[in-house]
Amino acid sequence: MRLGVAGPVGTGKSSLIATLCRALSGELSLGVITNDIYTDEDARFLRSAGVLDPERIRPVETGACPHTAIRDDVTANLLAAEDLEADFGPLDLVIIESGGDNLTATFSPALVDAQLFVLDVAGGGDVVRKGGPGIARADLLVINKTDLGEHVGVDVERMTREGRDARQGSPVVALSRHDEASVRLLTGWVRDTLAHYRTGEHTPVDPGPMAPHFHAGQDGGETHAHTRTDGTTHTHDHAPAHAGQRA
Ligand SMILES: Nc1nc2c(ncn2[C@@H]2O[C@H](COP(=O)(O)OP(=O)(O)OP(=O)(O)O)[C@@H](O)[C@H]2O)c(=O)[nH]1
Ligand SMILES: [Mg+2]
């Protein structure tokens, strides 16, 4: 099974993967793929954490917005997964970390069978209300670093409750690597999902596309497409900010 881990920058994706490796490497054959925009920093962090044979941790340097490599063209990640399988197969679980992105980045179901979306309490209690496809429809929402709630004035219970409200019953785990009981909830979810995957009861779900956006240097950018929460798309024009300044 391939498991994607997405979420904004610094919410604790690599740390969560280290926690999973520590808990599961004794019972499962694991591989890890990290996606960084410019470096192999996350792969180096995980290798130095000593939680898995360093050879089982492979970096993909995306060189572009993270969603490019986890959603638009997943080839580099599929090749890394194939290489891991060739070297260490049969693998039970390959965990793929997305580069940290905004609230709209999700994995293509062509790359992963299941995906987690990771927020952290230090990012603010209101982030969960801002919504997005990962928060609403990833297979699991993780509210991470619950130990920091009291230090940043965030009501963790309320944030977790609002996460549940946003997901119509889909699971939410409030996690801190310092709280063993919460780590057991996370590893329990991974074990259950893997068991369902093996019996064919788990179906990969696409949380929905990246919000349409343009990159600097592409077209003029005056035409914007917005995807509404119901999935329909609406396109309209804005007067360019520099209107009147053009030759
Ligand atoms: N207090 C606390 N800090 C945590 C926890 N998990 C991660 N951190 C810290 O949060 C910071 C970011 O963690 P990472 O795991 O690197 O986050 P990331 O999402 O992989 O970051 P990017 O890959 O750069 O997007 C580090 O300083 C971690 O030590 C936690 O449960 N509690
Ligand atoms: Mg990371």
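User: Why is strand β2 called largely enclosed by the rest of the structure?

Analyst: Seven of the seven residues of β2 (residues 30–36) are buried, so the strand counts as largely enclosed. Buried requires 20 or more other C-beta atoms within 10 Å of a residue's own; 12 or fewer is exposed, anything in between partly exposed, with C-beta atoms placed from the backbone. L30, V32, T34 and D36 point one way, G31, I33 and N35 the other way, and all are buried. This is a predicted model: local features need pLDDT of at least 70 and side-chain atom pairs count only at pLDDT 80 or more, while totals for chains, interfaces and linings use all residues. Residues are numbered from 1 along each chain as its sequence is written, and chains are lettered from A and ligands numbered from 1 in the order in which they are written.

User: What makes β2 and β4 a pair?

Analyst: Strands (DSSP E runs of at least two residues; helices are H or I runs of at least four, both numbered from the N terminus) pair if DSSP finds at least two bridges between them. Five bridges join β2 to β4 (residues 93–97), and the two run parallel. I33 stands opposite I96 in β4. Five bridges also join β2 to β3 (residues 57–61), again parallel, with E61 as the bridge partner of D36.

User: What makes the unit of β2, helix α2 and β3 right-handed?

Analyst: With the strands pointing away from the viewer, a right-handed path from the first strand over the helix to the second runs clockwise. The β-α-β unit of β2, α2 (residues 41–48) and β3 is right-handed.
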